[in-house]
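Dear colleague,

Please find below the structure that I am handing over to you. A short account of the findings follows it.

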Amino acid sequence: MDKLTIAVDFLLANKLLFTILIIVLISLIKRLVVSLIRGDVPFLTETQRKWMSRTKNGTFLLIIILLFVLWQTEISKFALSVTAIAIAIVVASKEIILCFTGSIQRASSRSFVVGDWIEVGKLCGEVIEHNLMATVIQEIDLHHGQYHFTGKTATLPNSMFFSYAVKNLNFMKRYVYHDFHITVAEFYNLYPLFPALQNKIEAHCEDFNEVAKRYNSVIEKHAGVDLPGSEPHIHISSGPNGEQLVHIMIFCPTERAVHLEQLIREDFMIAYHETFTKESESH
């Protein structure tokens, strides 16, 4: 008991050494817990990512609290000594303060959690970690009509949440409104092609049609708005040079969107070729 008291007195007398020991010990515990959560699996689940993020944030807060208690006297003296230059410190640390307040804003608004798909500015991705300073996302190529991971990881400072709107795209992880267009340079009446094309699109979507209707209804109730619906939509618009743009929108499983687009493009091109090439040859 006397040895323990001597050791504690020694550590309290040497606060710098005590600080290093606290940081090292908690960091080792954090690494052990994170490794246990991760296990030997090659890919992390959303639950694993959430618990890893909670562990990292919890140990960081624990270190801050312990160090504040340990250095409370010195911090109080330092705070009194820097009152005159407080404004300069605030200005110099503006970005850090914005990151902290951005983290508070995210937590209070519950705009997203680990595992959600979000869009911030021009960046889209799945949230894999967030802490008091930054949010880490695994980038997804949404702006080019794709829904796959690019392999890039983006670290967003939380201060961005005050400059850009945060769009939660989480419902797109399962089903998505996939919109694309086909350009037709020659001017023909394309409307007679649409009934057959509509039937072929419905045939491609037949195996998941009922699930798509239910999921679309769930999204409508959650969002409180009337969405376009799960049935395919086709319409025509004109391009800047007079060409016709055939717009097609389908509601489908996200992982099948690009494949279905290729099948629909093929159906349209076959119908277009059979109808208008033969018509041109006959003339």
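Histidine 130 stands opposite threonine 135 in strand 3. This is a predicted model, in which local features need pLDDT of at least 70 and side-chain atom pairs count only at pLDDT 80 or more, while totals for chains, interfaces and linings use all residues. Residues are numbered from 1 along each chain as its sequence is written, and side-chain values use heavy atoms, with hydrogens and water left out.

The pair above belongs to strand 2 (residues 123-130) and strand 3 (residues 134-140). These two strands run antiparallel over 5 bridges, where pairing requires that DSSP finds at least two bridges between the strands. A hairpin of 3 residues links them.

Strand 2 also pairs with strand 1 (residues 117-120), in the antiparallel sense, through 4 bridges. Here tryptophan 117 has glutamate 126 of strand 2 as its bridge partner. The hairpin between strand 1 and strand 2 has 2 residues between the strands, and glycine 121 takes a positive phi near 65° in it.

Buried residues account for 35% of its 283 residues. Of the contacts (heavy atoms within 4.5 Å) between residues at least 6 apart in sequence, 63% join residues at least 24 apart.

Yours sincerely

Methods. Buried < 20%, exposed > 50% of the residue type's maximum accessible area, 1.4 Å probe, protein only.
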